[in-house]
Amino acid sequence: MKKIAMITGATSGIGEASAHIFAKNNYNLIITGRREDRLLKLAEELESSYNASVLPLTFDVRNLEEVKAAVESLNDEWQQIDVLLNNAGLSVGLDPIQEGNFDDWETMIDTNVKGLLYVTRLVSPLMIKRQQGHIINLGSIAGKETYANGNVYCATKHAVDSLNKAMRIDLLPYNIKVTAINPGAVETEFSIVRFKGDEVRAKNVYNGFEPLSATDIADAIYYVASLPAHVNINDLTIMPTAQASTVYWNKK
Ligand code: NDP
Ligand code: 8X3
């Protein structure tokens, strides 16, 4: 029987690339996100390219009722989730704390922290029932360091760093692995979202150096998920070679 991976935020970037690599490696997939058109298109691609069974579930991770309804809709077969990739997340705005936009703050906290918690709270009991599973959380170098104007985004990723450790402790008795993947700059739709659709400003973030690609991170995610049962990577920080930290760059 094929294993099952559930990937939140599969409509773009790291989540979408991860869906491809897991499907290519014989997983069936639950893919989620808010943009249903993209989810359905991805489901079709994964089914035809890799012969995977794919269940698209459209929901907003910020909405507890929607998350509950989605997880409760899973039949016995789809409840056998082997890997949960808590990937849905975003940064909105890049303002100093004294000028921060309240709505942006709510969006980041609700998505990156509360959304990740909602999904984990509802999916982890399914793993506990089977005494197996692997939760992989998308943290960030922003969860290890803090940079100018990154305030609330960095705080949410520091929270993910802490929750990652907490999950590993609480889920230890149930044989459930917990891993954080902490990337530096990855060129996805991340900066377009951060700069609210300003594609020129977003592109500029990646000028003068080679950023990571979504596939670079997806490969690492699949690697940690494919290790033997007794091996767990707790925490993996992955940077572009040209980025030593959130402040030190080798830009041409
Ligand atoms: P993208 O913007 O390309 O993808 C983000 C994904 O998150 C989309 O599929 C989006 O789907 C989903 N998402 C956002 N908000 C919600 C929501 N409320 N409910 C459900 N899904 C949501 O960015 P990345 O692929 O780069 O980001 C993926 C993760 O990686 C994030 O957690 C990000 O913080 C983290 N990360 C990114 C880095 C980078 O430099 N790109 C570096 C370090 C970490 P939809 O809009 O359809 O809902
Ligand atoms: C995204 C990377 O450096 O913009 O988490 O915070 S960074």
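In this predicted model, residues 24 or more positions apart account for 71% of the contacts in the protein chain that have a separation of 6 or more. The chain is built from 8 helices and 9 strands. Its radius of gyration is 17 Å, close to the 18 Å that the globule rule gives for 252 residues, so the chain is as compact as a globular protein of that length. The C-alpha trace spans about 50 × 40 × 35 Å along its principal axes. Of the 252 residues, 42% are buried.

Helix 4 comprises residues 102-130 and helix 5 comprises residues 151-170; their axes come within 9 Å and cross at roughly 15°. Helix 4 is therefore roughly parallel to helix 5, because an angle under 35 degrees falls in that class. The crossing in which helix 4 passes helix 5 is right-handed.

The residues that form this contact can be located on each helix. Helix 4 contributes W105, M108, I109, N112, V113, L116 and T120. From helix 5 come V152, Y153, T156, K157, A159, V160, L163 and M167. Sorted by class, the contact between helix 4 and helix 5 consists of 11 nonpolar, 3 polar and 1 charged residues. Lysine counts as charged, and K157 of helix 5 is among the contact residues.

Attention now turns to the backbone of two loops. Most residues other than glycine have a negative phi. Against that background, N26 has a positive phi of about 75° although it is not a glycine. N26 lies in the loop that joins helix 1 (13-24) to strand 2 (27-33). This residue counts as exposed because it has 11 C-beta neighbours inside 10 Å, and the class extends to residues with 12 or fewer.

N51 is placed in the loop between helix 2 (36-50) and strand 3 (54-58). With 11 other C-beta atoms within 10 Å, N51 is exposed.

Conventions. Residues are numbered from 1 along each chain as its sequence is written. Chains are lettered from A and ligands numbered from 1 in the order in which they are written. This is a predicted model: local features need pLDDT of at least 70, side-chain atom pairs count only at pLDDT 80 or more; totals for chains, interfaces and linings use all residues. Helices (H or I, at least four residues) and strands (E, at least two) are DSSP runs, numbered from the N terminus. A residue is buried if 20 or more other C-beta atoms lie within 10 Å of its own, exposed if 12 or fewer, and partly exposed in between; C-beta atoms are placed from the backbone. Axes are lines fitted to C-alpha atoms, for helices over the stretch in contact, and angles run from 0 to 180 degrees between N-to-C directions. Angles under 35 degrees count as roughly parallel, over 145 as roughly antiparallel, 65 to 115 as roughly perpendicular and the rest as oblique. A crossing is left-handed if the near helix is turned anticlockwise from the far one by less than a right angle, and right-handed if clockwise. Two residues are in contact if their C-beta atoms, placed from the backbone, lie within 7 Å. The radius of gyration is taken over C-alpha atoms; the globule rule is 2.2 Å times the number of residues to the power 0.38.
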